Amino acid sequence: MVLDSRQREMLRLIWRENRLSRWELHERMGVNPNAIGSEAAQLLELGILREAAPESVGQGRPRVPLEIDTATRDVVGLALSPGQVDVARLTLRGQLLGTPASKPVANPSELLATAKRLLKTVVDDQTLAVGISSPGFLDPEEHAILFSSVTGAPQPFDVNALFDAADGRPILFENDMHALAVRWLLTHQAEQSQDVLLVYVGDGRLGAALLIDGRPNRGCMIGANELGHTRFFVETEKCFCGQVGCLERICSTPFVRSRSAQNGFAANAAGLFERIARYDGQDSALEEMAQFLACGLSNAINFTRPNRLVLVSELTRYPRFNDLLLRSIRAGVLFALVDRVRIDVWDQPGAVSAETAGWLALAGLYQDGWKTL
Ligand SMILES: [Zn+2]
């Protein structure tokens, strides 16, 4: 099955407007009704579209709206993370089907066998495509993870076994930040033509993706834009990349704990987000972290001048800290850009998950510029 770009455009319009008749598709796309009819017939046959109850419009034949079929086919997401693999099943509208399953991976040598077993439990005849996400640098052509916290190894890590487990179904193998970015794009009905810099901030985990015209910026190899390994002259724990001072190590519980200790404060056992939740305007370690994070983000804005920065993090739940961070980011952005760049916050639980990996498969259905179904 290979969908052409006209079918993807049809699907994208129906995705956005929920229901459209063949006649409305003809009007919006400027494609003749016969061609629309045959494209629609194929998508109905594949179980991607279905016909909804007819709507009467004045006199004449009632129109039959087409909608995304959420019952016939599904997509599967598999997320590889350090020490863990997760799978989830989603409808073609991105609703979770059942409960995602998870397995621990004690040693990277067990990663493939565990992931393969887990994938086999969810892939069946209904499965249209599989999205596989991993942090780090990937080679989708060779089916390899080149460098990642998941494998911990400096040499390429072959993931062909996962492709075998999908029994010939299309697989979208992408960086986890790209998966998150396309999930944001499809759920926010954003302008496809805008450049979007999406940044995810977790405890000790920071990643970024840049979407240009709704397509991922691929650079010289497939990976997130390595904002997490932007380095500052500050003492941190050693990063898995081999350096110290990485932004990803700064935005972490160990960093704020050690800074509190150095500043002579009583030991603070709270985790990063717990401290952010309690932030009352007086926590110099958190404020120092916010300054480093803002510096990294404002420099990224100055360098890429995106239409939007989308900040995805639990921290955006807490207004006091969130305001401090956003003010500090704006203070570091060039005057010419500051009023033009829109900053959105997105508090998406389970942002890096199998559910998000499943959205990669949906990207292949609805978006151009991704590996297509
Ligand atoms: Zn690093």
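Predicted model: local features only at pLDDT ≥ 70, side-chain atom pairs only at ≥ 80, totals over all residues.
Local features need pLDDT of at least 70 and side-chain atom pairs 80 or more, while totals for chains, interfaces and linings use all residues. Residues are numbered from 1 along each chain as its sequence is written, and side-chain values use heavy atoms, without hydrogens or water.

Start with the largest pocket. A pocket is an open set of points on a 1 Å grid over the protein atoms alone, where a 1.4 Å probe fits, with protein on both sides within 12 Å along at least five of seven lines; lining residues have an atom within 4 Å of a point. The volume is about 320 Å³, counted as the space filled by probe spheres set on the points, which are joined across faces, edges and corners. The lining has 23 residues, and Pro-135, Gly-136, His-229, Phe-240 and Glu-248 lie nearest the centre. Domain 2 (74–181 + 353–366) and domain 3 (188–346) both contribute to this lining, so the pocket lies between them. Those bounds come from an automatic or database domain assignment.

The second largest pocket has a volume of about 230 Å³. Its lining includes Trp-23, His-26 and Arg-61.

Now turn to Asn-225. What does Asn-225 contact, leaving aside its neighbours within four places in sequence? The partners are Ala-208, Ala-209, Leu-210 and Asn-217, where contact means heavy atoms within 4.5 Å. His-178 is 47 residues away from Asn-225 in sequence, yet the two are 9.7 Å apart in space, C-alpha to C-alpha.
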